[in-house]
Amino acid sequence: MSPDAIQHARQYFFSQKAVPGGLIPQSILRSWTRCQALGLEGRANSLPEPLTAYEFALTADEAEAFKRLCRPEVEALYADAQATDSIVILTNASGLVLDTIGSLDFAERAARVALRPGVPWSEQFAGTNAIGTSLAEGCPIEVRGAEHYLECNRILSCSAIPIIGPQGNVLGVLDLSGPAETHHAHALGLVKMAAEQIEHRLFEQDFEGADVVRLHVDPAMLGTSREGILVFEDGRLKAANRHGLALIGRRFDAIGEASWTDLFRDRLAALADSGSLKRENGTKLVGRLDGFRKVPAPAKRIARPVPPAVPRPIFDLETAQAIARAVRLLDAAVPVLIRGETGTGKEIFARAVHARSARSDKPLIAVNCAALPETLMEAELFGYQAGAFTGARPGGSKGYLREAAGGVLFLDEIGDMPLTLQTKLLRALQEREVVPLGGGRAIPVDFMLVCATNRNLWDLVQAGTFRSDLYFRIAQYTFELSPLRHRSDRAQLVDELWDSLGARTQRIALAQECRAQLVNYEWPGNFRQLVGCLRAMLALCEPGETLTVDALPADVRFGVTIAEKNPSPRERALSTLEAITATAMLDALRAAKGNVSLAARQLGVSRSTLYRRMQS
């Protein structure tokens, strides 16, 4: 919808209580009507009140398992959030914001309208918005600019989807929000795919005593997050995902009510034997059966690998050699620093080093210093005693340094650590012990340290914002990760990532010009941005398609390519020569006071030549 249409709709709604058809989506109109019934004022600038620190600590503690479950997809969306100046938001089932990650610049703007952890964003508190309205409507939704009921939220463009559990219960909401003036066209497709992957992983739990049926009309979809999953216990539907219910034409209220015979013509054993079955209306589905115990013969299954949410970076030879050197340094107790632009795979590099080191059987604890609120960073890193501050957990907390015992502590974006905490970290590294917040005895710690940054730490040292003694302790050996645009194997990298995300199993191909643009684009967000782009393209296409350049996000389709940004030596020489020539002509014309004939004689060229060069 155009901004003018939305503005007209607001004027109609608030003045005449009715809106002509076609100006705004019906879901937005229903939400405005609900907000009006709640007594909310559209022009009000009152923001939802955050929970107290104690209340939020209790809520966050209860939601910790849910946050861990969603972490791979939240981090995958982080690439898109960075590239489009947006933030990823995770809420609980009531719309309370649990976590945000992404563009720091936009996060500051979002915080001004209370879009931050600890604030409720249901319609009751925040009016029409993607989080609250997706919960109210029970479906994915996009809310742009003035579609927000409260005028103070018009700076936002948001896309959200509820995350649904196996029994049809809402677990939370996943949202991608950015500035309204730069709408992210693929945001809704990305959050939908991320939610599907989270919901798919929920079925990895053991449904003991139940039969797990995995179905689709296309065999290539089995094993992916798009497959339908139905769980039966004693012949009755016990759990399902949204794809499974769509395949049988039912809703979540069928769970606990529908039986196998209500849904299918064939017996359950037929699926185990043949790998296919028919619905009650005759539609044929292919599938496989997990946990079937009634047939002694092994079931025939159509196996398909599940594509990872975030594929591992495909390291080139130089990076592989760097990993091998880093392993030797780590085993020799030498701290290392990883430098590289955003999205170059610094954490993946660190995880690869940990997996090959002598400490691989112990944990790797990864901490993003930029993502931790400064007020909580000390408690999260060094731990705290019970009752150390308002909202502290009753039993206290060990802290990340102690959780890394025997293993590796990875501090990402170390340059964002405040000076006061740098001092405490330096003391912990020197003394090999920590004192938890709230006092108590010093506790010994044993871990190896790997740090990472996308900034020049030495510049920060000289600027006085990073301690020189800490710098020399953590950067005893520095590895520099090359940006994607400098890799010579980009074509191979694009092909391998495309296949690893499941494109081959879905028979989705890249047209030559589309592949060429992917290979030649400069990728300012590096590996993370490339993976996010490929995932978005897969989410928005159908099996068997061949994607053209029209399938690329606009920033990639029309963006600067490496060749344009880095011209060849010959092109640079020609460009320089042309600049020198133009400067000489202008100088000659000024000296001749605009007399073209005199300027031409001074340059040693004909009058017509000078005219032609002036007009080219």
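**Strand pairing and helix packing in a predicted model**

Leu337 stands opposite Thr478 in strand β17, and Leu337 belongs to strand β11 (residues 336–339), which runs parallel to β17 and is joined to β17 by 3 bridges; two strands are taken to pair if DSSP finds at least two bridges between them. The model is predicted, so that local features need pLDDT of at least 70 and side-chain atom pairs count only at pLDDT 80 or more, whereas totals for chains, interfaces and linings use all residues. Residues are numbered from 1 along each chain as its sequence is written, and side-chain values use heavy atoms, with hydrogens and water left out.

The two strands are part of an open sheet of 5 strands in the order β12-β13-β16-β11-β17, with parallel pairing. Because β12 (364–368) and β17 (478–480) stand at the edges with a single partner strand each, one side of each lacks a neighbour in the sheet. Neighbouring strands of this sheet are turned against each other by 20 degrees on average, direction ignored. Helix α12 (residues 317–331) lies across β11, β13 (408–412), β16 (448–453) and β17, and runs at about 165 degrees to β17, where axes are lines fitted to C-alpha atoms, for helices over the stretch in contact, and angles run from 0 to 180 degrees between N-to-C directions.

In the chain as a whole there are 26 helices and 19 strands, defined as DSSP runs (H or I, at least four residues, for helices; E, at least two, for strands) and numbered from the N terminus. Of its 616 residues, 49% count as buried, that is, under 20% relative accessible area with a 1.4 Å probe, protein chains only.

Terms used: Buried < 20%, exposed > 50% of the residue type's maximum accessible area, 1.4 Å probe, protein only. Contact = heavy atoms within 4.5 Å.
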